[in-house]
Amino acid sequence: MTKSDQDRVMIFDTTLRDGEQSPGATMTHAEKLEIAGLLDEMGVDIIEAGFPIASEGDFEAVSEIAKNAQNSVICGLARAQFGDIDRCWDAVKHAKRPRIHTFIGTSPLHRAIPNLTMDEMADRIHETVTHARNLCENVQWSPMDATRTEHDYLCRVVEIAIKAGATTINIPDTVGYTYPFESADLIKMLIERVPGADDIIFATHCHNDLGMATANSLAAVEAGARQIECTINGLGERAGNTALEEVVMAMKTRNDILPYQTGIDTTKIINISRRVAAVSGFAVQFNKAIVGKNAFAHESGIHQDGMLKNPENFEIMRPEDVGLKETNLVMGKHSGRAALRAKLADLGFELGDNQLKDVFVRFKALADRKKDIFDDDLVALMRDAETDAEAERIKVKFLRVICGTEAPQSADLTLTIDGVDHQVTATGDGPVDAAFNAVKQVFPHHAHLQLYQVHAVTEGTDAQATVSVRMEEEGRIVTGQSADTDTVVASCKAYVHALNRLLVRREKAGTDGKEVSYKDVV
Ligand code: KIV
Ligand code: ZN
């Protein structure tokens, strides 16, 4: 192995699997394909594209991503059973470079659920990894909850998996319990004790429950792991997974003490971060490292002065290194199509002529209602344009509300469902409630609203409002968003967006109404 091979850390992105399985983050087929394309383009080494046994939709998405991928290895997840592994192979086999990732929970708590003895579990690992390896040359195996597994048993099962043909061994901190020195010690211990450890790659897969996922991943790399599993924006269940942008930028910025290389084109980070936030419905917190709106903003007077004299006073990374361009030039109703195209390209949206035509009409309509159009307005406008372009079964055609001091407030609404218009009038406790009641009258459902949030995109009374809603139906959680200068219109559209996603989730479920989850014990 050359020195540069030893320094190379592989980036394994699981936004489309661990990220997408987090409640409310469902993505449509087209969105998954788009994100996979961006991951491939930015230099992600391995894309975990989904969990093919989960549903027909997951299978189709993984297969198509596998067919389209240019450079990345395409990986699918499978539980430790032959049916899962066969289904996974059928989906990933189309890739130039396919990988099967199979796993089983090895900690005492996880062994208790399928009620397997240590020996029985060891046999299962041997059989399933052997089966996967007979199908595919590139096999990853994970002992789920590795960080809470007894060390002797962990060494034993890792050795079995290596002997059965696993080429990557992933060590998940499934519940985000580990502290950085423990993360490092565990990898060191495995490298020292397990026969055959030198012939495979160790991966680290951390969750962020205690806010240590990035630190734990980097500590594992220092101890010898050469693959980091992560997601864009740290998307993932509970407190999320290790954020790709954080580990990659940490290794780039602190290369003096973290002398490792990745294949990531960091200038693509902001664009993919915005796309993942848009399609998952999980907005990025303003002060999030690397990709938050404030990560490169220097608002206090002292900082601004220092920044002008020397940007390095307050910046350890340059905004352009992550793809941020200084573009907050205001647009308005006199801005032409070419200027809009150039501005959108700066923001990471490359539009074809037809798409530009549609977006330009929307831009003009917004400019008629709002004097200054800022970057954030355009990002919100693009998000809305994409939502409308989705094959949505329910659309808001017309909405007029009566609101004010005299109750009840009312809403006249026309919804188009599968191409047919339905008109109603409903009342409610305020205009938003009236609009939601009108939607419920036209499209009855039992989903209940878990969250309703309004944010002003920019400043001023003519600012657009971005509305996010989260709804739950029989354990299925979906989110919807929309933006408009009219808060009630944005609310109604966001609610309908969430309903459309619910329809996707209903289709995804099997005949028994359930989706298979990787947590379903086998
Ligand atoms: O967190 C975890 O343990 C996982 C496994 C399926 C690898 O996501
Ligand atoms: Zn995980």
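This is a predicted model: local features need pLDDT of at least 70, side-chain atom pairs count only at pLDDT 80 or more; totals for chains, interfaces and linings use all residues.

Student: Which polar side-chain atoms lie by an oxygen atom of ligand 1, and at what distance?
Tutor: Thr-174 has one 2.6 Å from an oxygen atom of the ligand. For Asp-18 the distance is 3.1 Å, and for His-205 it is 3.2 Å.

Student: How much of ligand 1 does the protein bury?
Tutor: The protein buries 100% of the 260 Å² that ligand 1 exposes when taken alone.

Student: And what kind of space does ligand 1 take?
Tutor: A cavity, and the largest one.

Student: Next, the metal. What are the protein donors of the zinc ion, ligand 2?
Tutor: Asp-18 donates through OD, while His-205 and His-207 each donate through NE2. These donors lie 2.0 to 2.2 Å from the zinc ion.

Student: What spacing do they follow along the chain?
Tutor: The pattern is D-x186-H-x1-H.

Student: Which parts does the pair Asp-18 and His-207 tie together?
Tutor: Asp-18 lies in helix H2 (residues 15-19), and His-207 lies in the loop between strand S7 (201-206) and helix H10 (213-222), so the pair ties together parts that are 189 residues apart in sequence.

Student: Are Asp-18 and His-207 buried or exposed?
Tutor: Both are buried. Asp-18 has a relative accessible area of 2%, and buried means under 20%, so Asp-18 counts as buried.

Student: Which side chains does the side chain of Asp-18 make a polar contact with?
Tutor: One is the side chain of Arg-17, at 3.1 Å. Another is the side chain of His-207, also with a value of 3.1 Å.

Student: How far is Pro-172 from Ala-146?
Tutor: Their C-alpha atoms are separated by 5.6 Å, and the two residues are 26 apart along the chain.

Student: Which peptide bond here is cis?
Tutor: The bond from Ala-407 to Pro-408 is cis, with omega near -5°. Pro-408 is found in the loop between strand S9 (394-402) and strand S10 (409-417).

Student: What about phi? Which residues have a positive value without being glycine?
Tutor: Asp-145 is one of them, with phi near 60°. Asn-233 is another, with phi of about 65°.

Student: Where are those two placed?
Tutor: Asp-145 is in the loop between S5 and H8. Asn-233 is in the loop between strand S8 (227-230) and helix H11 (244-253).

Student: Buried or exposed?
Tutor: Asp-145 is buried, with a relative accessible area of 0%. Asn-233, at 15% relative accessibility, counts as buried too.

Student: Where is Thr-149 found?
Tutor: Thr-149 is found in the loop between S5 and helix H8 (151-163). At 5% relative accessibility, Thr-149 counts as buried. Its C-alpha atom is separated by 26 Å from that of Gly-83, 66 residues apart along the chain.

Student: Last one, Glu-350. Is that residue buried or exposed?
Tutor: Exposed: the relative accessible area of Glu-350 is 65%, and the cut-off for exposed is over 50%, so Glu-350 falls in that class. Glu-350 is found in the loop between helix H14 (337-346) and helix H15 (353-369).

Student: How far apart are Glu-350 and Glu-507?
Tutor: They are 31 Å apart in space, C-alpha to C-alpha, and 157 residues apart in sequence.

Technical notes:
Residues are numbered from 1 along each chain as its sequence is written. Chains are lettered from A and ligands numbered from 1 in the order in which they are written. Side-chain values use heavy atoms; hydrogens and water are left out. Donors are N, O and S atoms within 2.8 Å of the metal (3.2 Å for Na, K and Ca); water is not among the atoms, so sites may look incomplete. Helices (H or I, at least four residues) and strands (E, at least two) are DSSP runs, numbered from the N terminus. Buried means under 20% relative accessible area, exposed over 50%, partly exposed in between (1.4 Å probe, protein chains only). A polar contact is a pair of N or O atoms within 3.5 Å; within protein, one must be able to donate a hydrogen and the other to accept it, and residues adjacent in sequence count only if both atoms are side-chain atoms. Accessible areas come from the Shrake-Rupley method with a 1.4 Å probe; for residues, only the protein chains shown count as cover. On a 1 Å grid over the protein atoms alone, a cavity is a set of points where a 1.4 Å probe fits but cannot get out, and a pocket is an open set with protein on both sides within 12 Å along at least five of seven lines; lining residues have an atom within 4 Å of a point. A molecule sits in a cavity or pocket if more than half of its atoms lie within 2 Å of its grid points.
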